[in-house]
Amino acid sequence: MKKILFAASEGLPFVKTGGLADVVGSLPQELSAIGFDVSVIIPLYLKTARTQHHTLTKIATYPVIVGSLNTVATLYSRLVGDVTYYLIEHAGYFEREGYYGYPDDGERFSFLQHAILRAIEEKHISADVLHCHDWHTGFLPLLCKTVYLHRIPQPLTLYTIHNLAFQGNFPYGLLESCIGVSNQMYFDGTLRFHEGMVSFMKAGILYADAVTTVSETYAHEILTSDFGEHMEDVLRMRKKDLYGIVNGIDVKSWNPTVDTALAKSFDTRTVEKGKAANKAAIQAELGLRQDPGVMLVAMVSRLTPQKGIQILMETMHEIMGWDMQLIILGTGDNWTENELRQIEYRYPRRAVFYCGYHEELAHRIYAGADMLLMPSAFEPCGISQLIAMHYGTLPLVRETGGLKDTVEPYNEFTTKGTGFTFTNFNREDFKHILKYALDTYYRNPENWKKLVKQAMKKDVSWSKSAKEYAKLIERKTK
Ligand code: ADP
Ligand code: GLC
């Protein structure tokens with residue numbers, strides 16, 4: 001049985017800040033179901049340690065050399081379903097309140113990668129395939145082929161780009177001080193990315209045996225200067241090894257028929273009553289006016305320019321003049337959060353902003369809302385629209401990346417579709433499609449109901465995409 005090791009900076013059920021954790025928590029289970037022996041390795045952060053340390057088994061403490069630094073790592077594990085999760089403990093690097101955004105992130109995630117390869121060298125873990133995710137693990141393929149070349153059995157390396165906007169760019173001195181390769185790789189241009197800097201993301205793209213990203217459309221988009229984040233030339237060099245495989249969701253934990261967070265569970269047959277009960281419950285919970293008939297629109301998201309939050313803020317006054325209620329759940333920079341706090345005073349009992357990260361509340365919002373907004377400027381895949389459809393909440397999305405690949409636009413003549421879409425990233429087009437969705441909701445409720453059922457029936461599981469990963473692994477192993 002082929003062994004796959006996922007290496008990432010976050011993954012459920014231990015730590016989540018976004019969709020990467022959903023993927024790292026669910027794709028391994030599906031790959032294991034189709035015959036792979038899968039494990040996952042991530043850091044053991046302080047917040048995880050506080051709540052889950054007692055559930056972990058200690059494997060070993062072993063020395064790790066991070067470029068010119070000598071330190072130690074402690075490895076823990078726990079079986080989740082059929083997948084073994086390994087967690088790497090290090091007081092200095094990971095026992096902090098947050099996860100990312102520290103000045104020494106380059107060193108912290110260099111350590112993570114050395115600790116992973118040392119765990120393989122020490123034979124605590126073995127891997128035929130090393131599946132690396134995002135910039136935090138971007139140096140692994142290169143490290144396998146250089147520093148660890150004669151020290152570990154060489155795995156096939158896959159590198160998955162979840163978001164090209166986060167690249168892990170650091171001063172080039174890190175190559176010698178933390179990675180353990182020559183600074184020459186900066187001077188000859190190989191790893192240089194902007195003056196004075198090297199990029200973890202670039203290393204991953206150049207040295208992995210295959211590069212994937214999380215939707216077909218994004219795989220094409222990133223080859224252009226509009227979406228390439230200055231990495232398009234590097235990506236073009238790997239074009240024949242670049243694949244787009246769309247994400248799925250864990251349909252066991254995201255399942256409206258058994259979801260214990262909900263006021264009432266439901267399936268496609270009971271969706272009307274189920275959603276009505278969940279709408280009433282979420283209106284009561286968040287202090288919105290009890291109104292079964294009003295269209296309830298929601299956003300569950302990081303509140304950043306990627307997610308199109310500025311389009312929503314710029315049109316807020318106009319759209320709140322229409323007959324709808326609005327729930328926003330998320331966090332952003334101080335300015336955005338402060339602006340959004342105003343909506344509760346401006347539109348009392350019609351709009352609410354819950355500032356924070358709240359997993360259970362997210363479940364209840366997906367279940368109670370009629371529509372989910374994702375007017376993203378770019379979206380590698382997007383997990384929220386998949387969850388929304390599965391919970392009978394129609395997504396309103398911009399046609400980009402995975403949003404384009406997963407949401408079928410409503411066609412009022414054929415009544416096909418699973419949501420509403422618009423093409424150009426601007427206020428007018430956003431308002432126009434939102435108005436059209438509202439009109440459909442109020443004037444054509446039969447079609448709306450049909451769309452809800454179609455959305456719920458759409459296959460958003462991993463079954464198809466896991467097979468595509470399997471095929472890719474097979475092709476690259478030959
Ligand atoms: P991204 O990874 O770019 O943030 P995705 O749509 O891929 O976007 O994934 C976001 C994931 O994080 C979804 O599972 C969504 O439900 C969840 N999420 C985002 N913000 C919050 C929040 N404030 N509270 C709870 N869950 C959230
Ligand atoms: C990133 C992307 C998002 C994607 C997620 C999981 O965070 O922004 O679009 O769904 O990764 O792949």
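Tutor: Residues are numbered from 1 along each chain as its sequence is written, and chains are lettered from A and ligands numbered from 1 in the order in which they are written. Since the model is predicted, local features need pLDDT of at least 70 and side-chain atom pairs count only at pLDDT 80 or more, whereas totals for chains, interfaces and linings use all residues; side-chain values use heavy atoms, with hydrogens and water left out.

Student: How many helices and strands are in the protein chain, and what makes a run a helix or a strand?

Tutor: The protein chain has 20 helices and 17 strands. Both are DSSP runs numbered from the N terminus: a helix is H or I with at least four residues, and a strand is E with at least two.

Student: What radius of gyration would a compact globule with 478 residues have, and what does the protein chain have?

Tutor: The rule for a globule is 2.2 Å times the number of residues to the power 0.38, with the radius taken over C-alpha atoms. For 478 residues that gives a value near 23 Å, and the protein chain has 23 Å, so the two agree. Along the principal axes, the C-alpha atoms fill a box of roughly 70 × 45 × 45 Å.

Student: How much of the protein chain counts as buried, and what does the word require?

Tutor: Buried means under 20% relative accessible area, exposed means over 50%, and partly exposed is in between, with a 1.4 Å probe and protein chains only. By that test, 59% of the 478 residues are buried.

Student: What share of the contacts in the protein chain joins residues 24 or more positions apart?

Tutor: A contact means heavy atoms within 4.5 Å. Among contacts with a separation of 6 or more, residues 24 or more positions apart account for 72%.

Student: Why is helix H4 called largely enclosed?

Tutor: In H4, 15 of the 17 residues are buried, so the rest of the structure largely encloses this helix.

Student: How do you know that the span of H4 agrees with its number of residues?

Tutor: The expected span is 1.5 Å times one less than the number of residues. For the 17 residues of H4 (residues 105-121) this comes to 24 Å, and the end C-alpha atoms are 24 Å apart, so the values agree. After H4 comes Lys123, with a positive phi near 65°.

Student: Why is Thr160 called buried?

Tutor: Thr160 has a relative accessible area of 0%, so it counts as buried. This residue is in strand E7 (residues 156-161). Apart from neighbours within four places in sequence, its contacts include His131, Asp134, Val214 and Tyr469.

Student: What makes Ile205 buried, and which residues does it touch?

Tutor: The relative accessibility of Ile205 is 0%, and it therefore counts as buried. Ile205 belongs to helix H8 (residues 200-207). Not counting residues up to four places away in sequence, it touches Tyr159, Ile161, Leu164, Val211, Met231, Val234, Leu235 and Arg238.

Student: Why is helix H15 called mostly covered?

Tutor: Eight of the ten residues of H15 (residues 359-368) are buried. Among the elements that these buried residues pack against are helix H11 (271-286), strand E12 (295-303) and strand E13 (324-332).

Student: How do you know that Leu361 is buried?

Tutor: Leu361 has 1% relative accessibility, so it counts as buried. It sits in helix H15. With neighbours within four places in sequence left aside, Leu361 is in contact with Ile282, Glu285, Leu286, Leu329 and Tyr354. Leu361 and Val300 are 61 residues apart in sequence, and their C-alpha atoms are 9.7 Å apart.

Student: Where is the cis peptide bond that involves Pro13, and what is its omega?

Tutor: The bond joins Leu12 and Pro13, and its omega is about 5°. Pro13 is in the loop between strand E1 (3-7) and helix H1 (19-33).

Student: Are Glu229 and His230 buried, partly exposed or exposed?

Tutor: Glu229 has a relative accessible area of 29%, so it is partly exposed. His230 has 61% relative accessibility and so counts as exposed. Glu229 is in the loop between helix H9 (216-221) and helix H10 (232-237), and His230 is also found in the loop between H9 and H10. Glu229 is not a glycine, yet its phi is positive, about 50°. The phi of His230, another residue other than glycine, is positive as well, near 70°.
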